[in-house]
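Please examine the sequence and the model shown below.

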Amino acid sequence: MAYPALEDETAMRFGPLLRRHRAAVGLTQRMLADLSTVSVRAIRDLERGKARPRQDTVRLLTSALRLGRCASDDLELAAGGRTGRALRDEYGPRIAAPPTVLAPMFGRDTELGAVVREVADGGGRLLTVHGLPGVGRTRLAAAVAADLHRTGMPVLWVTAPHADGPLGQPVRDPRLADVVGALGAALFDPAAPAPSLAAFLGDRDTLLVLDGVGTVRPRADVLLGLLGDCPRLRVLVTADGPCGLPGERPFLLAPLPVPASGEPRELAEEPAVRLFVHHAARHRLSAADAPDIAAVCALTDGLPPALAAAASWLEVYDLPTLRDLLRADPGALVGADLMARLGARVAVLTPADRAALAGLAGPARTLDEVATSTGRTIAAAGALVRDLLQRGLIGARHAAGHSRFAVPALVGALL
């Protein structure tokens, strides 16, 4: 079997990918040659990028390597095969679309605009939206993806292992689903070979969403390799905290603003109040109820799942009773799952930081007051506050050039 000794872009893409697949299954070039009937010299030339792969050769190699469908398509795509070329030519927003989300989003216009601008302008090629469990990271990412998709940007959606409430990539084309599956495996499985997306994406803008990242972080080598190979790729991560990747831009998503005191009609326009009313649509609530609803929002820290859970109790309690029960124990009515996830955030603190957090429960404090109450210097208190803010375990309010910090009610219920 003859192989043209031609060093071109296809050969240079195919070789490293073939070598990674071979190494992943523990085969030498001689072993692969015996299994595939392709000569050792041909395999060596292919891996060195000195020969252009033929489709019959690709089929023999994928069969010998026992590659799954997604990995086989990935290798065929790198080889410029008919299936790969067709998918590459068809690739675009028509088949690469974000998940459809039916739940409405309240009060996130500022955050949505900021993230869309950051991603669209290319200033944030690797942006991580993080915050407390249930704060709405996935919902915001879906809205960002939908906005950019409407402008013509393809979207690839990868759900991280053990993600809560995964949305998943809509299957517009099964070939694309295989590409996304291979990409997800490579990002989160150390044994999986890194896919070659450069030939697939080319010079086209693409948004890659990695949703629901938890304790298993994406592989830095694979992610940074993708960003290096695909200069117009943007990556939006939703995670419980910054992933610590080079070039990462963290974006802390705070809970919905907790309504302050005010006139009932003004309170009724607050996003947290509107979300609560949305979940309590079966119950007759009016603008006169806005102060009590605002109190419920404050006691649930403006967290969407906590507001939804609290609204569900209107089947049992009237609104003033619900308010009073939440005042007595904010964590009792918002669901054990949410409280467990918040508790996991508190549990990873050092004993000293946990004691400091418990000491900050109560009225909001300035940094000077934090330093006094914790017995730390201003610099040490600032470091503590910054770490707790990044974890979402305290909130900040800024007014008249001053910042005040407070422990959320649900977090305080765990201390």
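Predicted model: local features only at pLDDT ≥ 70, side-chain atom pairs only at ≥ 80, totals over all residues.

Residues are numbered from 1 along each chain as its sequence is written, and side-chain values use heavy atoms, with hydrogens and water left out.

Q: How many helices and strands does the protein chain have?
A: Helices (H or I, at least four residues) and strands (E, at least two) are DSSP runs, numbered from the N terminus. By this assignment the secondary structure of the protein chain comes to 21 helices and seven strands.

Q: What percentage of the 415 residues in the protein chain is buried?
A: Buried means under 20% relative accessible area, exposed over 50%, and partly exposed in between, with a 1.4 Å probe and protein chains only. Among the 415 residues of the protein chain, the buried share is 47%.

Q: What is the strand order of the open sheet of five strands?
A: Two strands pair if DSSP finds at least two bridges between them. The edge strands, each pairing on one side only, are strand 2 (155-159) and strand 5 (249-252). Pairing in this open sheet is parallel, and the order is 2-3-4-1-5.

Q: Which residue of strand 4 stands opposite Leu208?
A: Strand 3 (residues 206-213) is joined to strand 2 by five bridges, and Leu208 in strand 3 is the bridge partner of Leu156. Six bridges join strand 3 to strand 4, and these two strands run parallel. In strand 4, the residue opposite Leu208 is Val235.

Q: How many residues of strand 3 are buried?
A: Strand 3 is largely enclosed by the rest of the structure, because its buried residues number eight of eight.

Q: Which residues touch the most other members of the largest nonpolar core?
A: A nonpolar core is a set of buried Ala, Val, Leu, Ile, Met, Phe, Trp, Tyr and Cys residues joined through side-chain atoms within 4.5 Å. Contact means heavy atoms within 4.5 Å; leaving aside neighbours within four places in sequence, Leu236 has contacts that include Val115, Leu127, Ala141 and Leu207. Of the 47 residues in the largest core, those touching the most other members are Leu207 and Leu236.

Q: Which helix gives the largest share of this core?
A: The buried residues of helix 8 include Leu140, Ala141, Val144 and Leu148. They pack against helix 7 (109-120), strand 1, strand 2, strand 3, strand 4 and helix 17 (336-347). The largest share of the core, seven residues, comes from helix 8 (residues 137-150).

Q: Is Asp353 buried or exposed?
A: Asp353 lies in helix 18 (residues 351-359). Leaving aside neighbours within four places in sequence, Asp353 is in contact with Arg376, Leu384 and Asp387. Since its relative accessible area is 17%, Asp353 is buried.

Q: Which helices are included in what covers the buried residues of helix 18?
A: In helix 18, Asp353, Ala356 and Leu357 are buried. These residues fall within an arc of 100°, so they line one face of the helix. The face turned away from the buried side carries the exposed residues Pro351 and Ala355. The cover of the buried residues includes helix 19 (367-374), helix 20 (378-391) and helix 21 (409-412).

Q: Which residue in the turn between strand 6 and strand 7 has a positive phi?
A: Strand 6 (residues 395-399) and strand 7 (residues 402-406) run antiparallel and are joined by five bridges. Arg397 stands opposite Arg404 in strand 7. The two strands form a hairpin with two residues between them, and the turn residue with a positive phi, about 55°, is Ala400.

Note on methods:
Arc of directions from axis to C-beta.
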